[in-house]
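Me: Hi! I've got a model open and would like to talk through its side-chain contacts and its sheet. Could you walk me through it?

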Amino acid sequence: MRFSYEEAVNYILDVPRFTKKNAPEDTEHFFEFLGRPGEEAKLVHVAGTNGKGSVCAYIASVLGRAGLSVGLFSSPHLVDIRERFRLNGEMISREAFVSCLEQVLERLEAFRKETEKTGYHPTFFELLFFMGMLWFSGQGAQAIVLEAGMGGRLDATNVIKKPVVCVITRIGLDHMEYLGETKEKIAGEKAGIIKPQVPVVFWDEIPSVSRVIVEKAKKTGAEAIPVSEREVGFFQFQNKRIDFSMRSGYYEYIRVCLHTSAVYQRQNAALAVRALEVIAGRLREEAGETAGVSLSRETIEEGLSAASWSGRMEEVLPGVVIDGAHNEDGVAAFLESVSRDGCTGRRSLLFSAVSDKRSGRMAEQILESGLFAQILTAPMESGRSLTKEQLNAVWKGRAGLYDSPEEAFRFLIGQKGPQDMVYAAGSLYLAGQLLACERNER
């Protein structure tokens with residue numbers, strides 16, 4: 001089967017229509033049939049509710065600065081599906097994207113013939129994961145940073161056997177219909193990525209959630225390494241820059257400068273630092289295999305400072321910021337950053353959300369903050385979006401209604417004064433739609 005790039009993208013986007021969730025053993029079996037591509041690299045596995053993508057970006061940036069060839073598999077994409085596969089910061093080419101899809105489908109045909117799994121087809125996420133691992137392996141990636149999808153225990157990325165380190169970011173209430181109705185149950189699903197004898201670094205905030213992770217680590221024989229606000233020393237936020245320090249097991253103090261207005265990124269950077277310390281220990285043990293690689297304190301500090309992650313408090317125009325907050329904890333973190341923006345004028349917000357989120361509670365948080373003089377809402381292009389009527393019900397008539405996010409966003413930007421701030425939040429789909437619009441209009 002041969003595809004053009006457009007045909008390849010359409011095939012992948014159409015996969016959810018004719019596939020269902022596969023049993024983990026079937027996913028494992030096909031990954032084995034592919035030859036377990038990518039497992040020759042040093043793997044970093046990251047799960048959690050909020051902050052996964054940012055933690056992955058920080059770790060990948062530092063490892064690249066250290067001299068390693070680094071693959072990054074992340075989700076979802078915001079504008080271009082190829083964002084999900086990056087090598088040394090660069091997206092996969094269209095030609096390589098098509099080639100990887102064709103390789104997976106050719107092997108799938110052989111798999112069906114040689115096994116009894118004649119009805120097996122990778123799901124949307126599995127297909128992308130397999131494509132990414134084939135590409136990273138073919139490109140000789142020395143390290144691969146893997147962001148788990150929705151869960152952990154049953155996630156396609158969990159077929160990997162021996163990562164160097166696992167990371168579990170902040171746990172929040174999201175995808176509750178699949179992962180459980182409490183943070184503790186959700187933590188149990190995320191903790192499913194923990195592997196025997198593989199250290200797990202995790203955000204330690206809620207004692208009952210941390211206990212779930214620690215108990216899973218004990219049962220698995222893995223070292224549990226907590227990171228909390230207590231680890232973060234001096235903290236300063238000004239001029240769209242976050243400065244903090246944290247005590248390090250190897251380097252005494254790591255001094256971090258993040259070029260972002262997202263205050264919550266200090267947590268993600270702190271998690272990345274601890275994970276990188278684990279990786280540094282492994283590199284020291286294998287000095288002969290990684291000659292020329294330097295994961296020094298300076299490398300970590302420089303790599304963190306150089307990292308960026310689109311759609312997270314991203315300033316697309318002066319005083320115009322897009323954030324991917326899409327659940328209650330994400331909105332709380334978003335509001336903390338907004339409250340520190342130093343705005344001396346009026347703040348406006350564009351909000352939209354998908355139907356499976358607790359949008360009513362997110363709206364309550366935003367209204368209770370009192371940070372916004374004006375709120376607009378509009379349905380997104382996604383089939384999962386709340387309708388105009390549903391959004392009006394969520395906001396109880398307290399938000400202005402528009403037909404599209406682009407129309408609402410243009411209005412807010414058009415009326416913005418020099419001292420005002422305009423924000424957009426509520427969904428990664430909204431962030432992607434607005435970023436695509438902004439890039440097209442440049």
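Me: How many aromatic pairs does the structure hold?

Reply: There are 21 aromatic pairs. Keep in mind that this is a predicted model. One of the pairs is Phe31 with Phe129, which is tilted, with 5.7 Å centre to centre and 35° between the planes.

Me: Which parts of the chain does the pair of Phe31 and Phe129 tie together?

Reply: Phe31 sits in helix 2 (residues 24-33) and Phe129 in helix 5 (residues 124-138), so the pair ties together parts that are 98 residues apart in sequence.

Me: And are Phe31 and Phe129 buried or exposed?

Reply: Phe31 is buried, and Phe129 is buried too. Both also belong to a cluster linked by ring pairs, made up of Tyr5, Phe30, Phe31, Phe33, Phe73, Phe85, Phe97, Phe111, Tyr120, Phe125, Phe129 and Phe130.

Me: Nice. What about Phe351 and Trp395, how are their planes set?

Reply: Their planes are at 80° and their ring centres 5.2 Å apart, so that pair is edge-to-face. It links distant parts of the chain, with Phe351 in strand 14 (residues 347-351) and Trp395 in helix 13 (residues 388-395), 44 residues apart. Phe351 and Trp395 are buried.

Me: How many bridges join strand 2 to strand 5?

Reply: Four, between residues 70-73 of strand 2 and residues 143-147 of strand 5, and the two strands run parallel. Phe73, a member of the aromatic cluster, stands opposite Leu146 in strand 5.

Me: Does strand 11 cover anything else, I wonder. What covers the buried residues of helix 10?

Reply: The cover includes helix 3 (52-65), strand 11 (252-258) and helix 9 (265-285). The residues of helix 10 (residues 297-306) that are buried include Thr299, Ile300, Glu301, Gly303 and Leu304.

Me: On to charges. How many salt bridges are there in the whole structure?

Reply: A search finds 27 salt bridges. Arg230 and Asp204 form one, with their closest N and O atoms 3.5 Å apart. Arg230 is in the loop between strand 8 and strand 9 (232-238), and Asp204 is in the loop between strand 7 (200-203) and helix 8 (207-220), so they tie together parts 26 residues apart in sequence. Arg230 counts as exposed, at 69% relative accessibility.

Me: Which residue does Arg266 meet in a salt bridge?

Reply: Its partner is Glu336, at 3.6 Å from N to O. Arg266 lies in helix 9 and Glu336 in helix 11 (residues 328-339), so this pair ties together parts that are 70 residues apart in sequence. Arg266 is buried, with a relative accessible area of 9%, while Glu336 is partly exposed at 25%.

Me: Helix 11 again, then: where are Glu328 and Arg358?

Reply: Glu328 is in helix 11, and Arg358 is in the loop between strand 14 and helix 12 (359-369), 30 residues apart. They form a salt bridge with the closest N and O atoms 2.3 Å apart. Glu328 counts as buried at 13% relative accessibility, and Arg358 as partly exposed at 41%.

Terms used. Residues are numbered from 1 along each chain as its sequence is written. Side-chain values use heavy atoms; hydrogens and water are left out. Rings of Phe, Tyr and Trp (its six-membered ring) pair if their centres lie within 6.5 Å; planes under 30 degrees apart count as stacked, over 60 as edge-to-face and the rest as tilted. Buried means under 20% relative accessible area, exposed over 50%, partly exposed in between (1.4 Å probe, protein chains only). Contact means heavy atoms within 4.5 Å. Two strands pair if DSSP finds at least two bridges between them. A salt bridge is a side-chain nitrogen of Lys or Arg within 4 Å of a carboxyl oxygen of Asp or Glu.
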